[in-house]
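Let's take a look at this chain together, going from its overall makeup to one pair of packed helices. Have the model open as you read.

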Amino acid sequence: MSLPISGGPVILDPAAQEPAGTDRFRPPATHALARMARAVRSNRKATVGTALLVIFLLASLFPGVIARDSPSADAYTPRLGLSTAHLLGTTAQGQDMWAQLVWGTRSVMIIAFAVGLAATAIAVLIGVAAAYLGGLWDGTLSVLTDVLLVIPLFPLLIVIAGYAHGGGTLVLILVITVTSWSYTARQLRAQALSLRHRDFLEAARVRGERRLYIIVVEVIPTMTSLIVASFLTNALYAVLFASSLQYIGLGNPSSQSWGTMLYWAQNEAALQTGQPMWALAPGACIAALGAAFALLNYAFDEIGNPALRPVRKPARRARQVPGA
């Protein structure tokens with residue numbers, strides 16, 4: 001800041017006018033994270049969805065801290081009720097249900113994130129490439145996508161999983177990934193088609209950039225919000241499909257997962273023998289995790305599209321009393 005000389009104007013340094021703690025000199029990545037954090041805090045759906053997802057992530061990362069018992073040890077009296085020692089009781093084989101529920105979170109989260117990332121990557125590759133390359137590429141990739149779209153997904157999953165009966169987490173990830181990318185690929189293709197003749201892509205072509213460079217560097221970054229929504233959708237369906245396949249016995253019955261808990265609860269007639277938590281607890285967790293992904297999906301749609309944001313009524317002003 002410079003002092004006035006001979007009554008001249010005061011010249012202020014722009015940096016000196018910024019309040020303390022300004023983020024002017026933050027790197028671009030920090031700016032993006034800060035904007036995302038503000039958007040999540042300002043959206044109730046995003047806040048609730050993030051809180052639920054963080055709870056499940058912590059349970060999957062530190063299951064031994066939350067549940068001290070071994071999920072596979074049949075060291076307790078069978079069919080015990082709820083107590084401080086066994087928060088959900090014990091199974092018909094004398095295993096602690098709370099430990100099975102907590103340790104099963106890890107398998108579910110691995111499937112959700114692995115399928116979400118893999119299926120979204122395949123959808124981005126096929127959908128964007130088909131739209132930008134056009135011609136024979138677009139026709140071939142679109143036919144492949146349409147074939148998977150017209151086949152009922154869950155019966156197809158049952159058929160494929162039936163051939164790999166008793167498969168573990170990796171088999172479920174592969175089966176669900178191979179069959180679940182087509183819908184999001186169709187969405188991404190439609191979005192990429194709307195960008196195909198934009199000025200910044202024409203400028204990249206004039207500069208002589210390669211097709212792969214244009215797709216990866218120019219097209220895909222403009223579709224970030226849709227790609228995030230595709231990941232959340234694929235992760236949500238991965239949780240539902242994996243739990244359903246395990247419930248009907250097409251997974252590995254000895255693995256620790258919410259779907260296998262439902263499978264054994266059905267086999268042991270838990271609802272009829274006075275052990276409702278054996279079925280209700282994993283079912284509630286599946287619903288809560290699905291709600292977390294769904295709420296985040298809705299929230300990102302609202303953040304990226306102002307037309308979807310709810311209209312807030314303006315606060316009523318207090319009436320002024322005459323003469324006050």
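## Helix packing in the chain

From the N terminus on, the elements run α-α-α-α-α-α-α-α-α-α-α-α-α-α. That comes to 14 helices and zero strands, taken as DSSP runs (H or I, at least four residues, for helices; E, at least two, for strands). This is a predicted model, in which local features need pLDDT of at least 70 and side-chain atom pairs count only at pLDDT 80 or more, while totals for chains, interfaces and linings use all residues. Residues are numbered from 1 along each chain as its sequence is written, and side-chain values use heavy atoms, with hydrogens and water left out.

Of the 324 residues, 38% count as buried (under 20% relative accessible area, 1.4 Å probe, protein chains only).

Val128, Ala129, Tyr132 and Leu133 in α5 meet Arg211, Ile214, Ile215 and Val219 in α11, where contact means heavy atoms within 4.5 Å. By class, this contact has seven nonpolar, no polar and one charged residues.

Which residues of α11 are buried? They are Ile214, Ile215, Glu218 and Val219. Seen down the axis of α11, these fall within an arc of 115°, so they line one face of the helix. The buried residues of α11 pack against α5, α9 (182-195) and α10 (199-206).

Definitions and conventions: Nonpolar A, V, L, I, M, F, W, Y, C, P; charged D, E, K, R; others polar. Buried < 20%, exposed > 50% of the residue type's maximum accessible area, 1.4 Å probe, protein only. Arc of directions from axis to C-beta.
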